[in-house]
Amino acid sequence: MASQSFIEVKPDSHFSIHNLPYGVFKPQPDSSARPGVAIGDYVLDLSEIAKAGLFNGPILKDSDCFLQPNLNKLLALGRPAWKEARATLQKLLSSTEATLRDNANLRQKALVPLGKVEMILPIAIGDYTDFFSSMHHAKNCGTIFRGPQNPITPNWFHLPIAYHGRASSIVISGTDIIRPSGQGHPSGNSPPPFGPSQKLDFELEMAAVVGPGNELGKPIDVNQAADHIFGLVLMNDWSARDIQAWEYVPLGPFLGKSFGTTISPWIVTLDALEPFACDAPKQDPHPLPYLAEKISKNYDISLEVQIKPAGQQDSCVITKSNFKHLYWTLTQQLAHHTINGCNLRPGDILGTGTISGPEPESLGCLLELTWNGQKPLSLNGTTRKFLEDGDEVTFTGFCKGNGYNVGFGTCSGKILPSVL
Ligand SMILES: O=C(O)/C=C/C(=O)CC(=O)CC(=O)O
Ligand SMILES: [Ca+2]
Ligand SMILES: [Mg+2]
């Protein structure tokens with residue numbers, strides 16, 4: 001495999017030739033959207049590469065999947081096509097390959113500085129499901145809401161719990177989030193209070209982007225589930241804890257979470273993440289046969305959350321976690337989702353749930369970090385129980401290779417005041 005690109009990639013860049021994450025961008029505000037991969041400080045415009053006839057492998061040579069305004073068509077083609085595209089692009093960008101390196105005209109058309117482009121949602125998302133797969137997160141939430149006796153409900157160890165999220169309000173990193181209003185828990189015999197959420201939170205998550213998916217009525221085997229996952233993005237499942245706490249019994253989260261969910265623009269493929277695969281935690285009790293997989297895999301992805309309050313220059317790191325802490329794997333989540341025959345479609349996304357680690361410094365939301373507002377966090381000379389207007393929350397995630405990174409860039413959003 002090519003180990004170096006003719007394009008300069010700085011040592012701290014997330015976008016080495018080992019990564020090549022997929023996004024969709026507009027080179028100019030009035031241009032059409034097209035797919036690209038990030039390399040160093042550039043985006044390689046895949047529509048130009050396709051038009052130049054350089055996707056010349058057997059699967060992709062006559063495909064128009066790179067001439068689309070989203071990646072859904074590529075997702076539907078499945079892993080053999082994804083592997084072919086990766087091999088083509090790694091070769092094309094390598095320092096020893098002349099085709100693009102020595103073609104000034106094509107380089108001019110196909111390589112666009114990252115700082116100049118507008119990134120847009122890379123997929124048309126039909127459905128969005130959010131799991132609850134970190135045991136540390138489940139235990140902390142349960143302790144906060146139900147006490148320390150039996151914080152984790154008995155079903156949690158037998159199945160990856162989830163709720164159906166709202167696809168229409170998924171936005172790309174950089175989109176402002178308006179503070180939602182809603183009902184809160186009443187005290188005594190009073191009617192429920194109504195107003196702007198007083199407990200606005202982030203949730204540090206990642207999400208799997210679904211590839212080919214399955215026909216209605218035909219479950220996906222857990223050992224084949226990885227072939228249905230194109231890659232991962234960072235995801236912030238913004239959550240209004242006061243709205244959620246009142247509404248979620250007995251059917252689960254609704255308006256406390258559906259006002260906005262932010263994803264990062266770059267999808268890092270499972271192929272790029274493979275060198276960072278690690279064993280998932282041992283599961284006790286053993287899962288039922290349909291969830292028992294031959295290889296139970298996580299990925300070593302370092303995650304970090306920063307908050308920048310309004311008017312301040314600097315962000316403050318408030319937590320550091322890692323994807324490897326998840327108890328239920330991506331493949332178990334996907335297999336469980338389809339075991340009743342439910343069909344997944346290309347471009348669906350499956351959130352992991354908040355990724356909290358075991359240490360107090362590795363908790364994935366303010367609900368846990370401040371213990372439901374009881375222990376304010378200090379940041380840059382001020383404090384936070386929950387998010388305030390003007391706060392900008394930024395996630396980063398990356399895998400550290402030997403002399404290179406495979407990273408996700410950032411996933412950020414700023415809180416605007418309520419409109420009510
Ligand atoms: O355990 C509970 O009753 C509540 C759990 C949560 O509130 C966690 C949550 O918001 C689910 C999620 O990760 O989206
Ligand atoms: Ca969530
Ligand atoms: Mg959400």
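**Ligand 1 and the magnesium site**

A polar side-chain atom of D237 lies 3.3 Å from an oxygen atom of ligand 1, a polar contact (a pair of N or O atoms within 3.5 Å). The model is predicted: local features need pLDDT of at least 70, side-chain atom pairs count only at pLDDT 80 or more, and totals for chains, interfaces and linings use all residues. Side-chain values use heavy atoms, without hydrogens and water.

**Contacts of ligand 1**
- An N or O atom in the side chain of Y248 is 2.5 Å from an oxygen atom of ligand 1.
- For the side chain of H137, the distance from such an atom to an oxygen atom of ligand 1 is 3.4 Å.
- On its own, ligand 1 has 380 Å² of accessible area (Shrake-Rupley method, 1.4 Å probe); the protein covers 92% of that.

**Shell around ligand 1**
- The shell holds 14 residues, counted when a heavy atom lies within 4 Å.
- The closest are R146, R241, Q244, Y248 and K257.
- Five shell residues are nonpolar, three polar and six charged.
- Helices α6 (135-146) and α7 (241-247) (DSSP runs of H or I, at least four residues) each supply at least two shell residues.
- α6 gives the most, with four residues.

**Magnesium ion (ligand 3)**
- Its protein donors (N, O and S atoms within 2.8 Å of the metal; 3.2 Å for Na, K and Ca) are D237 (OD), K257 (O) and T261 (OG1), at 2.1 to 2.7 Å.
- Their sequence spacing is D-x19-K-x3-T.
- D237 lies in the loop between β14 (229-236) and β15 (239-240), and K257 in the loop between α7 and β16 (261-263), so the pair ties together parts 20 residues apart in sequence (strands are DSSP runs of E, at least two residues).

Methods
Residues numbered from 1 in each chain as written. Chains lettered and ligands numbered in written order. Polar contact = N/O pair within 3.5 Å; in protein donor to acceptor, adjacent residues only side chain to side chain. Nonpolar A, V, L, I, M, F, W, Y, C, P; charged D, E, K, R; others polar.
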